[in-house]
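Trainee: Can we go through the ligands in this one together?
Mentor: Gladly, let us look at it.

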Amino acid sequence: MRFTIYQAIGLLSLVSVSLSRSLPEKRQTSVAAWVSTEQNIALSSLFRNIGSSGEFAKSADPGAVIASPSTSSPDYYYQWTRDSAMVFKVLLNQYINGNSSLETMLKEYATESAKLQKTSNPSGSYTTGGIGEPKFYVNGAAFTGGWGRPQLDGPAIRATVLTKFANMLLDAGETSYVTSTLYDSAFPTNSVIKADLEYVANYWTNSGFDLWEEVNGQHFFTYIVQYRALVEGAELANRLGDTGAGTYYTTQAAAIKAKLPSFWSSSKGYLLATLNTGRTGLDCGTLLGSLHGNGARGFNVYPASSPEVLATVKALVDSMKTLYAINTASGAPGVAIGRYPEDVYDGVGTSTANPWFICTLTTAEVLFTAAKEFTAAGSITVTSVNQAFLQQFKSSASSGTTYAAGSTDFTSIIAAINTYADTFVATAQLHAASNGSLSEQFSRTDGSQKGARDLTWSYASFLTTAAARAGTIAF
Ligand code: NOJ
Ligand code: NOJ
């Protein structure tokens, strides 16, 4: 059959009609509208992955978080200390904001955590380093296969979550639950927070694997979350009269804090993820460290608005701009961000790595947080370190200048940082599944979902980013 030129034109226009019809609706939705719908989806998807009431976690212990419902290619049907703590941090924020019904689940998380701590595993036993074991079966049994262990960040993030929870319960008069289960003054301890704090305080000088479970060494992310855990832990210890422990945690926290400046590379102009590696050192884990090492309290250790963190944001984004084809495709709403430029983990095995929802959203979260911090501080000061970052929003920004709140320049820089942050949210929006599901990664070439499906931490990351976008920094 032959087409006339008119028929061909008709066919072409049919094709273009169906093409435009097949564009996912989310691309036509504003970022704000998507964030608002996705918030409900992310929260219910997160609950689905928590045992034993969650739809995908029926066989998991109460309070256990499955990393993903995926049981093969990859098998993420395990609980990771780090992922679980990130997820319960989100629920703790909901609890702080008045959702008291989450108290039961937070207590289940504490019970499950105590069980894992006491389960001997390849990293050791309760008092010999077993608390640094990164991953367990969903029923709490030890995973004995080969793995990058120990990982020292998980117990620290967990301690931060449970310490805040303990303080809230103490404020509410639930003293006996706290002193029997969460923090006792006994030594050796029988309580979950003190066990984590003792582990962190005694082991932080040891090498461990990074949050991506690949490199054994000293890591910015691990140190900064350990620092925060010990500062807050010392306050709780002192509050409960365990002042010897309080002093010890304070001393160790100060020693960790003193290590952080060694991650700054003045020659490279950014913070290194790990000391002495062959890698560039650019890593989204550093941005996660800034967020989780400071939180809503703000410890002023490399906060989001610090020149070093903003310089790192720029260098990380620059390293990924042309790395992934989806970033250079016409119409790309922003830059998709992966874990680190040298990554080869494709979500199942090793080939070529892809951008991650966690990292793309975390970049946005750091930017929203920085804008909020500048506003609270009432000024932005340009330094030689943050100058290149700030010139993206004000080309004449030069070291030594201060923009004060209320000035036109200050207002426009803050607005531009928030708009820029939204380009990362829009990138996550574009590659989220049309039903709102978030996997671990999305394809570097076509944006399709890759790696573990419904990754619980991806939802947690979306929720803290959405909160930061609304002006609330997560605890
Ligand atoms: C699984 C780990 O969880 C992931 O972080 C790592 O990149 C891959 N294994 C490849 O080593
Ligand atoms: C691999 C990631 O690299 C690691 O950070 C995470 O804990 C596990 N997957 C489980 O989600």
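Mentor: A polar contact here is a pair of N or O atoms within 3.5 Å; within protein, one must be able to donate a hydrogen and the other to accept it, and residues adjacent in sequence count only if both atoms are side-chain atoms. This is a predicted model, in which local features need pLDDT of at least 70, side-chain atom pairs count only at pLDDT 80 or more, and totals for chains, interfaces and linings use all residues. Residues are numbered from 1 along each chain as its sequence is written, chains are lettered from A and ligands numbered from 1 in the order in which they are written, and side-chain values use heavy atoms, with hydrogens and water left out.
Trainee: Which polar side-chain atom lies 2.5 Å from an oxygen atom of ligand 2?
Mentor: That atom belongs to Asp83, while a backbone N or O atom of Leu211 lies 2.7 Å from an oxygen of ligand 2, and a polar side-chain atom of Arg339 is 2.8 Å from one.
Trainee: And how much of ligand 2 does the protein cover?
Mentor: The protein covers 97% of the 300 Å² of accessible area that ligand 2 has on its own (by the Shrake-Rupley method with a 1.4 Å probe).
Trainee: Where does ligand 2 lie relative to the domains?
Mentor: It lies between domain 1 (10-48 + 266-475) and domain 2 (80-262), because both give residues to its shell; the bounds come from an automatic or database domain assignment.
Trainee: Switching to ligand 1, what touches its oxygens?
Mentor: A polar side-chain atom of Glu214 lies 2.4 Å from an oxygen of ligand 1, and one of Arg339 lies 2.8 Å from an oxygen of that ligand.
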